Amino acid sequence: MDDPIKEKLKDIMGGRILDVATGQGNLIEYIKELFPEYDEIVGIDNSPKAIKASEEKYSGGNIRFEQMDASAMSFD
């Protein structure tokens, strides 16, 4: 493998993945490639424009986006 990130994470199962500061969701494709058997990807960002762009790019399925401040997340 030429990608050091893929090499380090190759043995980790996806499960539920949180993409903090997702922006327009550009990292989502990479996450899907790294963890093809993920349960859910949740992208959070403080910008409503970024969330809207992400939702347009990835509609439906087990990928969702929420407007949220990373320093005050509402997850358990």
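This briefing describes the fold, the surface and the charged pairs of one protein. The structure is a predicted model, in which local features need pLDDT of at least 70 and side-chain atom pairs count only at pLDDT 80 or more, while totals for chains, interfaces and linings use all residues. Residues are numbered from 1 along each chain as its sequence is written, and side-chain values use heavy atoms, with hydrogens and water left out.

**Overall fold**

- The protein holds three helices and three strands, where helices (H or I, at least four residues) and strands (E, at least two) are DSSP runs numbered from the N terminus.
- Read from the N terminus on, these elements follow the order α-β-α-β-α-β, and the C-alpha trace spans about 35 × 25 × 20 Å along its principal axes.
- Of the contacts (heavy atoms within 4.5 Å) between residues at least 6 apart in sequence, 50% join residues at least 24 apart.

**Surface and burial**

- Of the 76 residues, 30% count as buried; buried means under 20% relative accessible area, exposed means over 50%, and partly exposed lies in between, with a 1.4 Å probe and protein chains only.
- The protein exposes about 5,200 Å², of which carbon and sulfur atoms supply 50%; accessible areas come from the Shrake-Rupley method with a 1.4 Å probe, and for residues only the protein chains shown count as cover.
- Leu18, Val20 and Met73 form a nonpolar surface patch with about 220 Å² of accessible area together, a patch being made of residues with over 30% relative accessible area and no salt bridge, with nonpolar side chains (Val, Leu, Ile, Met, Phe, Trp, Tyr) joined within 5 Å and like charges within 9 Å.
- Val20 belongs to strand 1 (residues 15-20) and is partly exposed, with a relative accessible area of 39%.

**Salt bridges**

- Side chains of opposite charge can pair when their charged atoms come close.
- The structure holds five salt bridges, each being a side-chain nitrogen of Lys or Arg within 4 Å of a carboxyl oxygen of Asp or Glu.
- Lys6 forms a salt bridge with Glu33, their closest N and O atoms being 2.1 Å apart; because Lys6 lies in helix 1 (residues 4-9) and Glu33 in helix 2 (residues 28-34), the pair ties together parts that are 27 residues apart in sequence.
- Arg16 forms a salt bridge with Glu40, with the closest N and O atoms 2.9 Å apart, and this pair links strand 1 to strand 2 (residues 38-45).
- Glu40 also forms a salt bridge with Arg64, at 2.7 Å between the closest N and O atoms, and this pair links strand 2 to strand 3 (residues 63-67).
- Arg16, Glu40, Arg64 and Glu66 are linked in a network of salt bridges.
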